[in-house]
Structure formats: C-alpha cells, structure tokens
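Please keep the sequence and the structure in view while reading.

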Amino acid sequence: MLKIQNITKKFGGVKAVDNCDFEIKKGMITALIGPNGSGKTTLFNLVSGILKADSGKIILNNKNITNLSIEKISNLGISRLFQKPSLFKNLTIKENLLLAMNDEDTKFWQAVFKISSDKKDKFEEKIKQILKNFEMEDFINIRAEDLSYGQKRLVEIARAILNQHNFLMLDEPAAGVNPRLREKIRKILLKLKEKNETILLIEHDMNFTLKTADTIIVLEKGGVIAQGNPEEIKNNKRVLEAYLGG
Ligand SMILES: Nc1ncnc2c1ncn2[C@@H]1O[C@H](COP(=O)(O)OP(=O)(O)O)[C@@H](O)[C@H]1O
Ligand SMILES: [Mg+2]
C-alpha cells in the first residue's frame, strides 16, 4: 500500500529522517514507535506533503507521490489525525464535522454556507451514523470546547474517516487520554481494521501498541532499527535497549 524508500529529511544539520525504509500492508494496523525526536511526525509530514524530502521516494499504491502537493496527496486518499488537537472549539461537533465534509461539488466552507438542504440532510445523516458508531451521538450539538481531551480525539478520528479515503495516518491518537477512552480508541481502531481500513499509527505507549498493531516499526534517530509483529518487537534486544532504555 505505502512504501517509504530511503527517505532522508534534514533540518539544518539535524537529520530528522535518515535513509528510512519500510512498507505498510493493506488492511493492517502498523505502528510507528520510537523515542521523542526520532522522526515519526516528520515522516507523517513527508507522506502527507507538508514537508519535502531531501532524497528518497514515497510510493502509494504503485504511484510515486514524493513531494506532490498536500492537496494532490489528500485527493489520493490519505487522511490524517494530527498530533496537536485541531477542532474549532466554539463550534459544535456537528459543525466541526460538516466543515470537514467533502465531495465532488462541495468543498470546505461551502459545506456549511452554500449547500442545498438535500445535501445537508445527507451529510448530517452520515455524521450521525459515524458518531453512533463511536457511541458519541449524544455529543452532536455540544461545543468542542466542552468535551474532554479524549472525547475531542475521538471526534477527530471520526473526522479523519468522514470522507472517502484509502489510508489513515494517526499521530498519537491516544496520548494524554484517560485509560477508559484509550481503550475505546483502541477498540475503534480494531473495528476500523475489520472494515478493511489501512492504518499507520504513531503511539508512545508500548502496551497500547503491542495490543493493537499487527506490525510495529521502531525508529531511532530517523532510521528503522526493527520491524516485526508485537511478539518479535517485545523480545528484540535492540528495541529494549533503545526504546525502553535497557
Ligand atoms: N520544522 C522543524 N524544524 C526544525 N527541526 C525540526 C522540525 N520538525 C522536527 N524537527 C526536528 O526533527 C527531529 C524529529 O522530530 P519529530 O519528527 O517531531 O519526532 P517525533 O515525532 O518522533 O517525536 C527532532 O530533532 C526535531 O527537533
Ligand atoms: Mg511526534
């Protein structure tokens, strides 16, 4: 599905991503882990077109997407949850999700201000359905600022899957979230996998990762130091040293 081929990205003298190379399989949850500053978010920014690579290639479904514009990449079906929460706090959940709605003849702000009532009904129906799947239908008219941190993250995950997409990147969806909602987020990710979503997940918590991912890729200083299933990663000496501090 996605191939990262020998990608390097420098910021001044710092190699944030250093000759990084791995592959993501369709229909799987792949976790990208590694210490703070190991290049995880930079990799996401490279894949989604926010940053340009210095060298290397990024291939999505056999198409070379290296250094395409953000818009082109998003049109190819890469959807993303950012590390920093980004809901409009004064808008309701429904309004936040309406703003994210997109189809052939409706873009962004138009979604709220210019669409026909038919289309709006259709959109609202879809929003209700997604919130229902997340057991959050009661929050539809609540302002974003009145949700807990974990509830906001859930809404952002809902937003990330709202539009047609074929690949989902989630930057620390469960970090800073209370244990109950972390578990809810985990179950939602597993449910999405059952529906054949392909997910690349950045996550700090080793426990969460081991219980959730099919494949784990471990980064250190911008390069891959290990890749394998949870059992392999749990027993990998290099990972234990680098990631867990020995
Ligand atoms: N926009 C930027 N400008 C300069 N340095 C950056 C920038 N983004 C990230 N870095 C540096 O690149 C390295 C990797 O950062 P990042 O990708 O955010 O790591 P992670 O997400 O794994 O914590 C760090 O040393 C960070 O300070
Ligand atoms: Mg990060």
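A polar contact is here a pair of N or O atoms within 3.5 Å. By that cut-off, a backbone N or O atom of S38 makes such a contact with ligand 1, because the atom lies 3.2 Å from an oxygen atom of the ligand. The model is a predicted one, and every distance below is computed from it.

**The ligand site**

| Residue | Part of the residue | Distance to an oxygen atom of ligand 1 |
|---|---|---|
| G37 | polar backbone atom | 2.8 Å |
| S38 | backbone N or O atom | 3.2 Å |
| T41 | polar side-chain atom | 2.9 Å |

Taken alone, ligand 1 exposes 560 Å², of which the protein buries 58%. The residues that surround the ligand are F11, A16, P35, N36, G37, S38, G39, K40, T41 and T42. Helix α1, which spans residues 40–47, supplies the largest share of this shell, namely 3 residues.

**The nonpolar cores**

The largest nonpolar core has 45 residues, and the members that touch the most others are I127, F134, L189, I199, L201 and V218. Helix α6 (residues 149–162) gives the largest share of this core, with 7 residues. For I199, leaving aside neighbours within four places in sequence, the contacts are M28, I29, T30, L168, L170, L189 and L192. A second, separate core is made of 26 residues, among them F22, L43, V47 and L60.

Is T8 buried or exposed? With a relative accessible area of 10%, T8 falls under the 20% limit and is therefore buried. A polar atom of the T8 side chain lies 2.9 Å from the backbone nitrogen of N19, and, apart from neighbours within four places in sequence, T8 is in contact with V17, D18, N19, A53, D54 and S55.

Q5 has a relative accessible area of 30% and is therefore partly exposed, since this value lies between the limits of 20% and 50%. Although Q5 and D21 are 16 residues apart along the chain, their C-alpha atoms are separated by 4.8 Å. Beyond its neighbours within four places in sequence, Q5 is in contact with C20, D21, G56, K57 and I59.

Technical notes
Residues are numbered from 1 along each chain as its sequence is written. Chains are lettered from A and ligands numbered from 1 in the order in which they are written. This is a predicted model: local features need pLDDT of at least 70, side-chain atom pairs count only at pLDDT 80 or more; totals for chains, interfaces and linings use all residues. Side-chain values use heavy atoms; hydrogens and water are left out. A nonpolar core is a set of buried Ala, Val, Leu, Ile, Met, Phe, Trp, Tyr and Cys residues joined through side-chain atoms within 4.5 Å. Buried means under 20% relative accessible area, exposed over 50%, partly exposed in between (1.4 Å probe, protein chains only). Helices (H or I, at least four residues) and strands (E, at least two) are DSSP runs, numbered from the N terminus. Contact means heavy atoms within 4.5 Å. A residue is near a molecule or strand if one of its heavy atoms lies within 4 Å of it. A polar contact is a pair of N or O atoms within 3.5 Å; within protein, one must be able to donate a hydrogen and the other to accept it, and residues adjacent in sequence count only if both atoms are side-chain atoms. Accessible areas come from the Shrake-Rupley method with a 1.4 Å probe; for residues, only the protein chains shown count as cover.
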